[in-house]
Amino acid sequence: MGLLSRKARAPAAAGEKGLGITRKYNLTPGHSYVVEESPPDISFDAFVNIVSTLDSEGKRVIGMAVSRQHSDLIRQKYGLETTPIFWLATRAGQDVISPTNLGILTHTLVQFVEEHPGGIILLDGIEYLVSNNDFNKVLRTIDQVNDHISQSQAIMLIPVDPRAFDSKELALLERNMEKFSTKPKK
Amino acid sequence: MKILVVDDSEAFRKVMIELLVRVGFHDIVEAKDYEEGMQVFRKERPDISFVDMILPGKTGVELTKAMLSVSHETKIIAMSSIINKKMIREALEAGAKDFLLKPTNEIALNAVLTMWSD
């Protein structure tokens, strides 16, 4: 219980300073996207680009990332200064979510979406979650967060290494989400 | 429209050129570093130049400034495999128009080219 109360609350999120570059990815609010890739380069590029640029109405999008990579590494590589980043790991510490505690993960993601309608979540590390939990439990977690994404006009990006899942699991993951393609729609 | 790609990685240049061809650009020249970049730039006068910020010897920021001192008409897109905001701001201050994270993809490349190709 102490663990839950200490870690469940996401740190206050603030928008990243604009970089003055082009918004390259136009993802639809209220939708979640599966990006089949490894490493998750496109997902991070899209996430960083969206939180560092203004949308068509001149609004800034607030983001939150959860990743198997340590938050310091992510901040260093992608230059994220104010975006909350959680590390999926079994170690104790601030801004760490245990892969076995799907309850805290769900709570953290849902709370962010409710507090930041129109925000964007990057959920990286699905393979790690599945290796620590039953696949169906992870799927239920994603579906639960996805419901809130739709309701709050937020966006969720989930990079998935297709080699880590069988075709049935991939189909289930993509059932309620859009498959993000890097090929532009003709 | 002529495009110049400056990057010290031959493999990346190859991938980038393939992507550019795929999105409809065929007049492409390439260079591996500052010196070759300037040589090709002076000869070919590209409309858009994709410049890696981390080059052996002189940097992409220096190359951006040098290219713009020769011609203000070219649009320079800075590229890097890391998003270092200080470096991006330096590139934009030097005159680059935009930034692309490497490796890039069709969507990101298309968005930048749509924005900056006339």
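In strand β5 of chain B, the bridge partner of B:Ser80 is B:Leu101. This is a predicted model: local features need pLDDT of at least 70, side-chain atom pairs count only at pLDDT 80 or more, and totals for chains, interfaces and linings use all residues. Residues are numbered from 1 along each chain as its sequence is written, while chains are lettered from A and ligands numbered from 1 in the order in which they are written. Helices (H or I, at least four residues) and strands (E, at least two) are DSSP runs, numbered from the N terminus.

Start with chain B. β4(B) and β5(B) are joined in the parallel sense by four bridges; two strands pair if DSSP finds at least two bridges between them. Together with α4(B), these two strands make a right-handed β-α-β unit. Right-handed means that, with the strands pointing away from the viewer, the path from the first strand over the helix to the second runs clockwise.

Now look at both faces of β5(B). B:Asp98 and B:Leu100 point one way, B:Phe99 and B:Leu101 the other. All of them are buried (20 or more other C-beta atoms within 10 Å of a residue's own; 12 or fewer is exposed, in between is partly exposed, and C-beta atoms are placed from the backbone). In a regular strand the side chains alternate between the two faces of the sheet.

Widen the view to the whole sheet of chain B. Five strands form an open, parallel sheet in the order β2-β1-β3-β4-β5. Its edge strands are β2 (27-31) and β5 (98-101), each pairing on one side only. On average, neighbouring strands of this sheet are turned by 20° against each other, direction ignored. Axes are lines fitted to C-alpha atoms, for helices over the stretch in contact, and angles run from 0 to 180 degrees between N-to-C directions. Further into the order, β3 (residues 48-52) and β4 (residues 75-80) of chain B run parallel and share five bridges. There, B:Ser49 has B:Ile76 of β4(B) as its bridge partner. Helix α5 (residues 106-116) of chain B packs on the sheet and touches β3, β4 and β5 of that chain. Its direction makes about 165° with that of β5(B).

Where does chain B meet chain A? 18 residues of chain B are in contact with 16 residues of chain A (C-beta atoms, placed from the backbone, within 7 Å). On the chain B side, α4 (85-94), β5 and α5 each give two or more residues. The largest share, seven residues, comes from α5(B). By class, the chain B side has twelve nonpolar, three polar and three charged residues. Ala, Val, Leu, Ile, Met, Phe, Trp, Tyr, Cys and Pro count as nonpolar, Asp, Glu, Lys and Arg as charged, and the others, Gly among them, as polar.

A:Ile21 leads across to chain A. It is placed in the loop between α1 (2-7) and β1 (31-36) of chain A. Not counting residues up to four places away in sequence, A:Ile21 touches A:Thr53, B:Asp98 and B:Phe99. A:Ile21 counts as buried because it has 23 C-beta neighbours inside 10 Å.

Chain A has its own open sheet. Seven strands pair in parallel in the order β4-β3-β2-β5-β6-β1-β7. The edge strands are β4 (96-97) and β7 (178-179) of chain A, each pairing on one side only. Helix α3 (residues 71-78) packs on this sheet, touching β2 and β3 (85-88) of chain A and making about 130° with the direction of β3(A).

Follow β5 (residues 120-123) of chain A. Both its faces are covered: A:Ile120 and A:Leu122 on one side, A:Ile121 and A:Leu123 on the other, are all buried. Four bridges join β5(A) to the parallel strand β2 (residues 63-67) of chain A, and A:Val66 stands opposite A:Leu123. Three bridges link β5(A) in parallel to β6 (residues 155-160) of chain A. One residue of β6(A), A:Ile155, is the bridge partner of A:Ile120. β6(A) also runs parallel to β1(A), joined by six bridges, with A:Ser32 opposite A:Met156.

Finish with the helices over this part. α6(A) lies across β1 and β6 of chain A, running at about 145° to β6(A). Helix α4 (residues 102-115) and helix α6 (residues 135-152) of chain A pack at about 10°, with their axes 9 Å apart. That angle is why α4(A) is roughly parallel to α6(A) (under 35 degrees; over 145 is roughly antiparallel, 65 to 115 roughly perpendicular, the rest oblique). Their contact includes A:Leu105, A:Leu109 and A:Val113 of α4(A), and A:Val138, A:Val145 and A:Ile149 of α6(A). By class, this contact has eight nonpolar, five polar and two charged residues.

Technical notes. Two residues are in contact if their C-beta atoms, placed from the backbone, lie within 7 Å.
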